[in-house]
Structures are given as C-alpha cells and as structure tokens.
Amino acid sequence: MEHPDRPWTAFYRAGARVEITTPAYRNLADLIGSVTASYGRAPAFTCCLPNGMNGTLSFAQVDAMSDAMAAYLRDVAGLKMGDRVAVQMPNCLSFPIAAFGVFKAGCVLVNVNPLYTAEEMARQFEDARPHALIIMDMFADKLPQATAGHPIPNVIITRVAEFLPAMPRGIVGLVQKYWDKSVKRIDTPHIRLPAALAAGRARIAADKIAVAAYHQEVAGDDVAVLQYTGGTTGVSKGAMLTHANLILNMEQTMELIEGVENGVEKGREVALTALPLYHIFAFTVNLLGFYWLGARNILIPNPRPLSNLKRAFENYKITWMSGVNTLFNGLTNEIWFRDSPPKHLKFASAGGMALQTSVAETWERITGAPVIQGYGLTETSPVLTFEPLGKARAGSIGVPVPSTEIICLDEVGNPVPQGQPGEIAARGPQIMKGYWEKPEETAKTMRGDWFLTGDIGVMDPDGYVRIVDRKKDMILVSGFNVYPNEVEDVLAAHPGVLEAAVIGVPDTEAGEAVKAYIVASDPGLKADALRAYCKEHLTGYKVPKLFEFRDELPKSNVGKILRKDLRAEALADIAAE
Amino acid sequence: MVDEFTQTLLGIMVAIIMLGMGASLTPRDFYLALKRPYGLGIGVISQYGIMPLLGFMMAVFLVVPEPIAIGILIMACMPGGTTSNIFTYFSKGNLALSVLMTVTSTVTGVILIPIILLLYASALDLDIPREDIVRVLIVLLVPVAIGMGLRKLNANVGAVIEFCGALLALFFIAFIMVTWVPQNWQFLLNTTPATYVAAIGLGLVGITLGYLFATALKLHPRNARTVALETGIQNGPLAIAIIVFTFPPDQQQAIMAVPALYSLFIVIVSTLVTLFFRRANTAAEQKMPDSLL
C-alpha cells in the first residue's frame, strides 16, 4: 500500500518541512524545560473565571511547580517510571502543573473526563490502574464509588481557583462552598495540591534531587499518555500515545501555521483555550503546541453558558483560539460577541466535529479572521489533516500534515480509484503505539502500519480530503464519541425498557444528536423519566436528546437490530420536513 | 420618609455600588451604545413620552385630591434613577445603555420636564434644583469611571469590586425595604388606596409599557429589559427634592406622598421584575452540549 507521492505538500507554506519524523526533543519533559529557558518570566497560563477573576503562572513558575509535582510523585508518593497518573479536572492552572509534572516524573498521564459518572470513572480506573489521581474537588465526591474496584493509593485534590491571588481565591471558595454548593465533602484520604507541591519542593531542596534524573531514561517511543476512547467498538480503551507521537504531532501542526502570513509567531500569541484540555485536540494543540510557541494560554474552566467567555474576550487580546463547530456557531449567535468580536484574532482552529460551511462563513464575516479545520482521532494524537492557512476549501478537512499519508480503502482493503469514496486510512509518526493491554483491539484497527479511521472520505487529486460518511455506528456529539452499544446497554437495563436502539441524527447545535428508539415493557414509561435515568448513568453528552417509542424495532434475520434502517428512516423524516 | 442620616448612608452605598457596576463595564460598552443611539432614543421617548402620559392618565382617572395628583405628575416626569442601573445589572441587561439612559434623561430633563409639565399641568411652575441634577450625575458617573479604570488596571481588582458592589446592592435593596417600612408605618396606614394604586402602578405599568414599546421596536431582549427598567424606575429622591424646593412646607407632605410611596414600592416591583427577567434570560440562553466543552 504505497502512496505514489504527496501532491498536497504544494499547499504547505513556503519553506515548511515536508518530512517531520524525528522529534525535536527526546521527550515531553525536555520540551517543557527548553521552553522555560526561552520565555522564563513571560505569562504562560492565565485561568479566567466567568466574572473575570484570574490567576497567572509564568513559564518559570510552571517549570518549577511541575518539578515539585514530579518530585512529589516520585519521591514522596513513591511512584516509579511508567506508573500511571490519572488527571481529572477541567481547564485550570493545576492542569499544566499536573500534566507536566507527570511527564517530568517519567510517569504516564491518564486523562479523565471530569464530567464522567462514578460508573464511567470506575471502568476507566479499573482498566488503567492508576497509581495516583490528581482530581478537582468538585468531582471528588464520586471517588468512593469510582475507586471501589480499584483503590488509588495517592489522591491529590485541587480546586478551580488554585494559584489565583488570595482574594479572588477566597471569594470563589466561599461561593462554591456556600452559594452554589458545588464542592461537597471529600471522604477519600487525600492531600491538597499545594501541600503536595510543598512536599515535593522540600524534597528537592533537602535531598538535592535532580528532577531530570526521573525522565533521563524516557525515550520517544515510551508511552506518555493513555487517552481513552470508545474506539471502533465502543469498548473503552486507552490509546497509548508516545512522547514522540505527541511531540511530532505538535510539530506537524505548528509547522503549517507558524511563520506564514497571518500565522502564529513565537512568543507573541494569546491563545484562548475554551475546549477541555483532557480532550486530545486541546491537549496536543493548545497545551503542548501553544506552550511550545511561548504563547499566553487563557484557560476557561467552563464555557457554558457562553457568556462565561465574555470577560476573557474583553480582558485579553486573544490572537488565536481553538474550538468546535458548536462553539463557533454559539459565539456568533451571542450579541456581546457580535458587538465586540476579538480584534486581534489571527485565525481560529476547528476540530472534533465537522465544521459547517455556513458557520465558518459567519465566523469569518463577524471576526474578520478565518476558521480553519483539522481532522484526526484520539488514536492519531490527533491531527492528520489541516486546512492550509489562506487556502481553505469549503467542505474539506484540508490536506495531510507533514510525513502523513492518507489513502481511501474499499471494503476489502484495497485503495479505491482516485475520487471515489473509501475508508480513510492514515500512516505517519503520530499514529498511536496501540491500545493499552488490548492487542486484539489494536489489530482490528491497524492494517500493517496503516490506521483505519472508520470515516469514509474522498481525496481530491491535489490532496484535499472530504469526509462523506462514517463506517461505524459511532455518534459524534460536538467532538465527543458516543457509542450506541454503551447507551443501549444503559437503556436496556431500565426495568421499563424491553428493547432499545440508539443512532445518531443530524443536529444543528451539536452536529449529531443521540436518538433512542425504545420498545417499552411498561406502557406508562415516559421520555423524561428515561432521560433522568440516563443522566444518572451516563455523562451528559451521551444522554439521548430524542426518544421515540415503538412497538418493535427493525431486525435482521438473525435478530440483530438494524440501526442503519432506523437511521435511513430518521434521515427520510428530516428530508420530508 | 427617611431621615438625613439614612439618606446620606444610601447615597454612599449607591456610590460604592456604582463603583462595582462600573467595574463590570468597558469603554467599548459605552462606545457601542453611543454608536447605535437607536436604543438610547427609544429610551428617552419612553421616559418622557410614556411615563408622563401614564402619570397624567392616573391623575385624571384615579379619584385623588389635587396635591396627590400633583405628586403623581411630578413623579411621572422624573428622569431615570440610579437604582435602574442596579436592577439592569441584575437583570443581565445592557448596563452601559442603562447608565447612558440615566445620564441622558437627567440632562435633557432640565429642558424636557418643564415642557412636559406645561403640556399636562398647564405650566405647573417647578423649580428644578440644578445642584441635585449635578449631584445625580456625579454620584453616577464618577464611581462608574473609577470602576472601569480599576478594572482596566487590574482585572482581579475589578472583579472583586464588582462582586462586593453586587453584594452591597443586594443589601441596599433589603435595607431600603427593612428601614423604610417601620419608619413610615403611620404614613402607610393613612394612605388611601388610590394613592397606593398610583405609587405602585406608576412603576409596574411603566416597566411593562417600556418593555412592550422596546420589544415592538425590535430591540434585543437585553436592551428591551434595560429600557423597561429605565422607564419604570424614576428618580424618587429628585422628585422629593423638587417638591421641597418648590412648594410651601404646609403643602409638601401631601404632594410628597406618591413620590415617597413610589420610592419604596419601586424597589419591590423591580426586584420581582428582575427575577422574572433573569429567568427569561436563562431560558433564552443557548444550550451548549454538556461536554464540548
């Protein structure tokens, strides 16, 4: 399966490297260290709360604090190289400290969605078996249930206003405790993040520990992150992303947007991070990419409602931001955003879900800056393709990034003729090492060194790719994968449900919405009751938006529920409206 | 009524609250409100068009003695009060527009109030104390400007001041209700139902009409809420000052009844309206999927 040549490299900026196969740093810890040397006292991260209260850490502070984090993990908590550390928090100043600390400790980071239910957390903890967990206090009440099957020996608790100046930190703390009561009592034995850092710092001072020694042995091929995804089958599994995967993917992406007209410049950008850092898109592009670039990163803990972003846009001269279609669409519908669009914005990057052409056009009309789309998956660190700046093509996901090859395959795995739709397969240095402890799952999704994406695409002769369909039943709700199996399992467990089938239907807000077809055994069963039930067992984005009650579901002759028939029906209904 | 000490205390509180409100604003908010003076124009029209007409109708149709009728008319012709800014803030309205509307109606009031009174009360000759007008503007604008400046200087200082200002504003609203009622218990008992209807109706109907008017002219809900509150909430203390200035002491008490009663009930009415507006605002918010974020 050799690809003839790569015509798309003609769209790269002048002077861009066509091949990026050797990472510029040995591992992520080295990358973090080298950035600090260049930018030192410049602001690296600013956490901006909805009311404008904020806190900032400089590159030097992030470096020193993540050193202390590493020392705590290795020398106080007693973790070893390669041990897993779960990090479960929304965007806040603690996130980079935790993540970078884990890398410096030579440990493996396990990103956990903070909105997970205790059941979902338990499944991930049982699979990853983390030795330590750094979690935000707001979510710690789920720990007793979530760690019942797999106790985590070291729990470190942080909070959303961590590292903010004392006054705003105190106010936020009081509001969380007494007003919105978002922080509940924590019964799990734990240490607070500042105390853990103090302990780590003390250890460094007392024993003259060289943090560099922790990650001396860590090579590019070693796993840096276990990034969980439902993958092709919906079985939750950790994609093993190596240090080289992440560094290279960051370089592959930055190569095309840095040093080009209206592109980003080292040490001059203010990036808005409204997408969650635990998601691979923001993790690689915002956290790693813009840190490497020496940018000031404005972290938004919770962008919902969108008015939470108003103060960040007013108080900082945002030059770049990343988002998903839902976010861009939402912002362009906010009156305050339309009235005062960010003046300094150079461009925005979209990923996670298909960017609608109309949304991209409205965005550009309002802000005067383009939004360019990228494509990729958790398993690909994530970026595979990116629209070259200034050369966007409507409806396309752009061209492959350097050293990345894309081909479209037919049902039996042969490349389709040029211009024909086929399953997108990708090859490049950003493809994961495999799924954590699931070689059979890895085998299913790899063909040689080609990764099968499950997306059906078409490639133009010059290399621009368009997505036309998806092979899997997976539903993509504003950038998050929802697997029908998982939702159906939950629904089927309800005593009033006889059978359930779940499909994705087009949705103007989220790209796709989860729709459930229910055959009820209890004639009194109502959609609201089912929705409330689902909310107890599933993260919000997995909860079906639409319920339809049926007398029976279409099935194949072996009794398998035919989701594709339901999908065709739903699409026909929408077309008829 | 309220004693001098309370009056001064309230004044200081308002100044501090406005400092906090100012810290929620940027110069651009004012620039935008001025750049599209449509909303501002609608505000002035509803302020001096709707309210005096409403007051006139009430004075005519409610059977009240003449001093009360004069009180209703004066109250109806007043410019917007500072309290409107506070309630606009809590209603998630357009605070910059609200401040500008208060300023505009206060400044133009110097000329417009006599003209309107000429129209409805065949030249009821009022003395409008200029220094009170100036004081209104200073108490409003100086803290707002300082608040904006502090925020620009340091976003955290701004956010903390805003937070404290909002807390004080809640206290201020509660304070007015709690202190006013016991001090004026006898007055409340002696007031006739018609006077109550006028004092409560002026604010409530004014807010409603202002909202309908602004909505009919297709203002954004955020601006419509602002115009509504600005229209219905009048400057009560200014009305009282004008009455003291204009009328002999023996007449003052009766004429003041409506403005005094209004000043209490507008706080109650506005609080309820604000709760309603906040709910409407939340309902109209775009639903973002749980995790996309």
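Mentor: Let us start with a helix pair in chain B, where B:Val14, B:Ile17, B:Met18 and B:Met21 of H1(B) meet B:Thr82, B:Asn85, B:Ile86 and B:Tyr89 of H5(B). Two residues are in contact if their C-beta atoms, placed from the backbone, lie within 7 Å, and helices (H or I, at least four residues) and strands (E, at least two) are DSSP runs numbered from the N terminus. By class, the residues of this contact are six nonpolar, two polar and no charged, where Ala, Val, Leu, Ile, Met, Phe, Trp, Tyr, Cys and Pro count as nonpolar, Asp, Glu, Lys and Arg as charged, and the others, Gly among them, as polar.

Trainee: What kind of model is this, and how are its residues and chains labelled?

Mentor: This is a predicted model, in which local features need pLDDT of at least 70 and side-chain atom pairs count only at pLDDT 80 or more, while totals for chains, interfaces and linings use all residues. Residues are numbered from 1 along each chain as its sequence is written, and chains are lettered from A and ligands numbered from 1 in the order in which they are written.

Trainee: At what angle do H1(B) and H5(B) pack?

Mentor: Axes are lines fitted to C-alpha atoms, for helices over the stretch in contact, and angles run from 0 to 180 degrees between N-to-C directions. Helix H1 (residues 4-22) of chain B packs against helix H5 (residues 82-90) of chain B at an angle of about 40 degrees, and their axes are 11 Å apart. That angle makes H1(B) oblique to H5(B), since angles under 35 degrees count as roughly parallel, over 145 as roughly antiparallel, 65 to 115 as roughly perpendicular and the rest as oblique. H1(B) passes H5(B) in a left-handed crossing; a crossing is left-handed if the near helix is turned anticlockwise from the far one by less than a right angle, and right-handed if clockwise.

Trainee: How do the axes of H5(B) and H11(B) cross?

Mentor: The axes of H5(B) and helix H11 (residues 221-232) of chain B cross at roughly 150 degrees and come within 9 Å. That makes H5(B) roughly antiparallel to H11(B), and H5(B) passes H11(B) in a right-handed crossing. B:Ser84, B:Phe87 and B:Thr88 of H5(B) make the contact with B:Thr226, B:Leu229 and B:Glu230 of H11(B), and by class this contact has two nonpolar, three polar and one charged residues.

Trainee: Turning to chain A, in what order do the nine strands of the open sheet lie?

Mentor: Strands of a sheet pair through backbone hydrogen bonds, either parallel or antiparallel. Here two strands pair if DSSP finds at least two bridges between them. The nine strands of chain A form an open sheet in the order E2-E1-E11-E10-E12-E13-E14-E15-E16, with mixed pairing. Its edge strands, each of which pairs on one side only, are E2 (54-58) and E16 (399-400) of chain A. Helix H2 (residues 59-76) of chain A packs on this sheet, touching E1 (43-48) and E2 of chain A, and its direction makes about 80 degrees with that of E2(A). Within the sheet, three bridges join E14 (residues 371-376) to E15 (residues 383-386) of chain A, which run antiparallel, and A:Tyr375 stands opposite A:Thr385 in E15(A).

Trainee: How many residues of chain B are in contact with chain A?

Mentor: In chain B, 21 residues are in contact with 36 residues of chain A. H8(B) gives the most to the side of chain B that touches chain A, with seven residues.

Trainee: Where is there a cis peptide bond?

Mentor: Most residues other than glycine have a negative phi, and most peptide bonds are trans. In this model, the peptide bond from A:Ser381 to A:Pro382 is cis, with omega near 0 degrees, and A:Pro382 is found in the loop between E14 and E15 of chain A. A cis peptide bond also joins A:Arg304 and A:Pro305, with omega about -10 degrees. A:Phe163, although not a glycine, has a positive phi of about 70 degrees.
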